[in-house]
Amino acid sequence: MSGIFIEDKRLGIRVPQLDKHWDDYSAEEQEAILLEWEAIRGLIPDRIAALEREINEKQDALGEETDFARSCQLNADIAELASMVNDLWIWYRTVPSVSSLTEKPMTHHHE
């Protein structure tokens, strides 16, 4: 499904970017897109766990940091990592619908 999923460098996963309404894809295309998304979606919990480890490391460093500027940077880093975790959870929960840049979300008919 080249072209449907694009790398989100910030989140570290590929995300769907549909170029037409979901109903305009054939049943075979929809099935292939959903299969690909399920494979990508399966990677999200590991990605979240890695980010949470990074948050914990930065929180530990923050607890011992005496330099104000460095403390501010660690706080900003932690906030960004937490935002990424939140965004990944949003993506993880979008199934069976896959969010896209189109007006109509994908729906899964096998549930």
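Strand β1 (residues 5-8) and strand β2 run antiparallel and are joined by four bridges. Strands here are DSSP runs of E with at least two residues, helices are runs of H or I with at least four, and both are numbered from the N terminus. Two strands count as paired if DSSP finds at least two bridges between them. This is a predicted model, in which local features need pLDDT of at least 70 and side-chain atom pairs count only at pLDDT 80 or more, while totals for chains, interfaces and linings use all residues. Residues are numbered from 1 along each chain as its sequence is written, and side-chain values use heavy atoms, with hydrogens and water left out.

**The hairpin**

Phe-5 has Pro-16 in β2 as its bridge partner, and Ile-6 is bridged to Val-15 in β2. Four residues lie between the strands of this hairpin, and Gly-12 adopts a positive phi near 80° there. In a regular strand, side chains alternate between the two faces of the sheet.

**The chain as a whole**

The protein chain has two strands and three helices, arranged along the sequence as β-β-α-α-α. It has 111 residues, of which 29% count as buried. Buried means a relative accessible area under 20%, exposed means over 50%, and partly exposed is in between (1.4 Å probe, protein chains only). The accessible surface of the chain is about 6900 Å², and carbon and sulfur atoms contribute 50% of that. These areas come from the Shrake-Rupley method with a 1.4 Å probe, and for residues only the protein chains shown count as cover. Among contacts with a separation of 6 or more, 57% are between residues 24 or more positions apart. A contact means heavy atoms within 4.5 Å.

**Helix α3 and its cover**

Helix α3 covers residues 68-93, which makes 26 residues; at 1.5 Å a residue the helix should span 38 Å, and its end C-alpha atoms are 38 Å apart, so the two values agree. The expected span is 1.5 Å times one less than the number of residues. The buried residues of α3 are Ser-71, Leu-74, Ile-78, Leu-81, Met-84, Val-85, Leu-88 and Trp-91. Their cover includes β2 (13-16), α1 (27-41) and α2 (44-64).

Ser-71 is buried because its relative accessible area is 14%. Apart from neighbours within four places in sequence, Ser-71 is in contact with Leu-62 and Glu-65. Ala-61 belongs to helix α2 and is partly exposed, with a relative accessible area of 33%. Ala-61 and Leu-74 are 13 residues apart along the chain, and their C-alpha atoms are separated by 7.9 Å.

**Ile-40 in helix α1**

Ile-40 lies in helix α1 and counts as buried at 5% relative accessibility. Leaving out neighbours within four places in sequence, Ile-40 is in contact with Phe-5, Ile-13 and Arg-14.

**Aromatic rings and charges**

The structure holds four aromatic pairs. In the Phe-5 and Trp-37 pair, the ring centres are 6.3 Å apart and the planes are at 5°, so the pair is stacked. This pair links distant parts of the chain, with Phe-5 in strand β1 and Trp-37 in helix α1, 32 residues apart. Phe-5 and Trp-37 are both buried. Another aromatic pair, Trp-22 with Tyr-25, is tilted, at 6.0 Å centre to centre and 45° between the planes. Trp-22 and Tyr-25 are buried as well. Rings of Phe, Tyr and Trp (its six-membered ring) pair if their centres lie within 6.5 Å; planes under 30 degrees apart count as stacked, over 60 as edge-to-face and the rest as tilted. Ring pairs also link Phe-5, Trp-37 and Trp-91 into a cluster.

Two charged side chains and the rings they sit over are listed below. A charge sits over a ring if NZ of Lys or CZ of Arg is within 6 Å of the ring centre and within 35 degrees of the ring normal.

| Charged residue | Ring | Distance to ring centre |
|---|---|---|
| Lys-20 | Tyr-25 | 4.7 Å |
| Arg-41 | Tyr-92 | 4.1 Å |

Tyr-25 thus has two entries in this account: the ring of Tyr-25 pairs with Trp-22, and Lys-20 lies over the face of Tyr-25.
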